[in-house]
Amino acid sequence: IYFLFIFLMYNLFTYSQIDSLSYYYEKGELNKAVKYSEKFKLDKSNSNYVELITWKAELNYELGRFEEAIKYYKLIEDNLDNLDNTFSNLKFYRYEIGEAYFKIGEFNKAEKNFNLHVKENNDKSLRIINSIEYLAEIHKVEKDFSRADSLFQRVIDMRFKEFGKNESYSKSLTLYAQLKKEEKNYLIAEKLLNESIALNKLIRNDNLAPNVIKALMYKELNKFDLAEKEFKHIISIDKNKDEFYWKSITELLYLLAEKGEFKEGENLIKTIDLKDIQNYKSKIEVFDSFSYFYYRLNDFDKYFDYVVEASNLRLNFYNNDHPEIAKGLNNFAMICKEIGEYDKALEYLYKALKIHTKINGENNKLTAVYLKNIGDCYLELNNFNLSQKSYNAAFNIFINDITINHVEFYSLINSLSILYYLNNQHEKAIKLYYDYIINSKNN
């Protein structure tokens, strides 16, 4: 009886520790949760061992400590079959492992685990459908649009047959619409988004993701009035002030800055109470939009203030190798560029580029933006060779992207044309303007 009592008390204590991790996580105190998880050790025979290392993996992922997170997920992936644990189930954890790899951009490993999950579990459960949807997302990222299309259609059909037109069905419509948007099949994308929006309204689902994506699509198509109307509509109906509300606020502010409607932008900023922002990611996005707005307004004092605010938040919540840190470094580089400290700006930009490409690779829009900014600094230093090298690299990324329409691309064309002009290559400069701005179907 004594030993049974000790055993029960030990397991009760362990459950209490796991509950404490959940408590800190729900409060958003992720660093405290990680530190607490490190205080106690469990051997592989304990029934909570897998749950503990899963917590460690997920907490480190949320904090941007990707290598640390993968260490724990790989521990599950490599050793779960051998763990002396009645709760161990490799089939179950395939999904979690695949999701972790997906979220950090290791798509080959994610695809392997999702395929195994589908193969090992021959059913039509929600988790199986989710795995197939992740596979569709992976093929979309890899630009295998035909394969992604067939998988999304399969997911939508399975969700409808197994669970009806519910929230998950609506979410799949939205994801499928994003694929069509990337294919530049905007009419089908809009139709799918409208169906998702109508369904959400019918079932009283407050997920405004399709509304936001629809507004962003209008912005991408330079339908600025429709985009502005949609963002304002979202802001007016989102009483929860969730991430969709703040995404609409930030995108509307970017849009107003790009349209030069600074008075309306300043009025919008006055309506914002920063205390209402509960999510730290949303708060960073808001500060970024403030800094961009004031940068376009040439109010560099306020620009500097909000860059610092955003950077402080990033340092509190993200590890040094997180892409969000790269964004902060880029913003600091822009400050240095404005005050003429080009060497310091280049130092920040190269650090940003290294961090960003390590996680996201070399062929995406943000990589092109960093390269374009590097080229701008070299242009100011009259180093035309390095400037052109950076511009060319950025240009090749933009031009090979199926969704080329991007304000930074037009900025790059402007910078590259100036470079040609300064090198007395006037015809090249004029041709660039005509080909990509004046005669552009996107412009």
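**Reading helix packing and cores**

Just after helix 8, Gly 164 takes a positive phi of about 80°.

Visitor: What kind of model is this, and how are residues numbered?

Guide: The model is predicted, with local features needing pLDDT of at least 70 and side-chain atom pairs pLDDT 80 or more, while totals for chains, interfaces and linings use all residues. Numbering runs from 1 along each chain as its sequence is written, and side-chain values use heavy atoms, without hydrogens and water.

Visitor: How far does helix 8 reach from its first C-alpha to its last?

Guide: Helices are DSSP runs (H or I, at least four residues), numbered from the N terminus. The expected span is 1.5 Å times one less than the number of residues. Helix 8 (residues 145-163) has 19 residues and reaches 26 Å, close to the expected 27 Å. Its buried residues (under 20% relative accessible area, 1.4 Å probe, protein chains only) include Phe 145, Leu 151 and Arg 159. Helix 7 and helix 9 are among what covers them.

Visitor: How are two packed helices described?

Guide: By the angle between their axes and the distance between the axes. Axes are lines fitted to C-alpha atoms over the stretch in contact (heavy atoms within 4.5 Å), and angles run from 0 to 180 degrees between N-to-C directions. Helix 7 (residues 126-141) and helix 9 (residues 167-182) pack at about 10°, axes 11 Å apart. They are therefore roughly parallel (under 35 degrees). Contact residues include Glu 133 of helix 7 and Lys 171 of helix 9.

Visitor: Which residues have the most contacts inside the largest nonpolar core?

Guide: A nonpolar core is a set of buried Ala, Val, Leu, Ile, Met, Phe, Trp, Tyr and Cys residues joined through side-chain atoms within 4.5 Å. The largest has 66 residues, with Trp 246, Ile 249 and Phe 290 having the most contacts inside it.

Methods
Helices (H or I, at least four residues) and strands (E, at least two) are DSSP runs, numbered from the N terminus. Angles under 35 degrees count as roughly parallel, over 145 as roughly antiparallel, 65 to 115 as roughly perpendicular and the rest as oblique. Buried means under 20% relative accessible area, exposed over 50%, partly exposed in between (1.4 Å probe, protein chains only).
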